[in-house]
Amino acid sequence: MTDGSTWQKSSFSGPDDNQSCIELTLVAGAIKLRESDQPEVVVTTSTAKLHAFILGVKAGEFDHLI
């Protein structure tokens, strides 16, 4: 998917473009997420839902998954 969006990835992903990572962009007030190795698969969410998810990650709520 190439819609002209500027995708941003975490600095923790490293400098190598071949590394798999999650990329995000803001389009018309919605957050779009994709994996760098499968850019055609895009998930869309709201900024509020992403914010709640990030708070959960920071609180360790998903540590059991990794």
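Ala28 sits in the loop between E2 and E3. In this predicted model, Ala28 has a positive phi of about 50 degrees, although the residue is not a glycine. Most residues other than glycine have a negative phi. Ala28 counts as exposed because its relative accessibility is 82%, and the cut-off for exposed is over 50%.

The chain contains 1 helix and 4 strands. Along the sequence these follow the pattern β-β-β-β-α. Of the 66 residues, 18% count as buried.

Among the buried residues is Cys21, with a relative accessibility of 9%. Cys21 belongs to the loop between E1 and E2. The C-alpha atom of Cys21 is separated by 8.4 Å from that of Arg34, and the two residues are 13 apart along the chain.

Arg34 also takes part in a salt bridge, its side chain meeting that of Glu23 at 2.6 Å, N to O. Side chains of opposite charge can pair when their charged atoms come close. The structure holds 1 salt bridge. The pair links distant parts of the chain, with Glu23 in strand E2 and Arg34 in strand E3 (residues 30-35), 11 residues apart. Are the two partners buried or exposed? Glu23 is buried, because its relative accessibility of 13% falls under the 20% cut-off. Arg34 is likewise buried, with a relative accessible area of 12%.

The C-alpha atoms of Gln8 and Glu23 are separated by 5.2 Å, although the residues are 15 apart along the chain. Gln8 itself is exposed, at 57% relative accessible area.

The table collects the accessibility of the residues discussed individually.

| Residue | Relative accessible area | Class |
|---|---|---|
| Ala28 | 82% | exposed |
| Gln8 | 57% | exposed |
| Phe53 | 43% | partly exposed |
| Glu23 | 13% | buried |
| Arg34 | 12% | buried |
| Cys21 | 9% | buried |

Gln8 is also one of the residues that line the largest pocket. Rolling a probe the size of a water molecule over the atoms shows where empty space is left. The largest pocket holds about 360 Å³ of space. Its lining is made up of Gln8, Lys9, Ser10, Ser13, Ile22, Leu24, Leu33, Leu50, Phe53, Ile54 and Val57. Strand E1 (8-9), strand E2 (22-27) and H1 are the elements that give two or more residues to this lining. Which element gives the largest share of the lining? That element is H1, with 4 residues. By type, the lining residues divide into 7 nonpolar, 3 polar and 1 charged.

Phe53, one of the lining residues, is placed in helix H1 (residues 47-58). Its relative accessible area is 43%, so Phe53 is partly exposed. Phe53 also belongs to a nonpolar surface patch, together with Ile54, Val57, Phe62, Leu65 and Ile66. The accessible area of the patch residues together is about 620 Å².

Key: Residues numbered from 1 in each chain as written. Predicted model: local features only at pLDDT ≥ 70, side-chain atom pairs only at ≥ 80, totals over all residues. Heavy atoms only, no water. Patch = residues over 30% accessible without salt bridge, like charges linked within 9 Å, V, L, I, M, F, W, Y side chains within 5 Å. Areas by Shrake-Rupley, 256 points an atom, 1.4 Å probe, with all protein chains shown as cover. Salt bridge = Lys/Arg side-chain N within 4 Å of Asp/Glu carboxyl O. Buried < 20%, exposed > 50% of the residue type's maximum accessible area, 1.4 Å probe, protein only. 1 Å grid on protein atoms, 1.4 Å probe; cavity = no way out; pocket = protein on both sides within 12 Å on 5 of 7 lines; lining within 4 Å. Points joined across faces, edges and corners; volume = space filled by probe spheres on them. Nonpolar A, V, L, I, M, F, W, Y, C, P; charged D, E, K, R; others polar.
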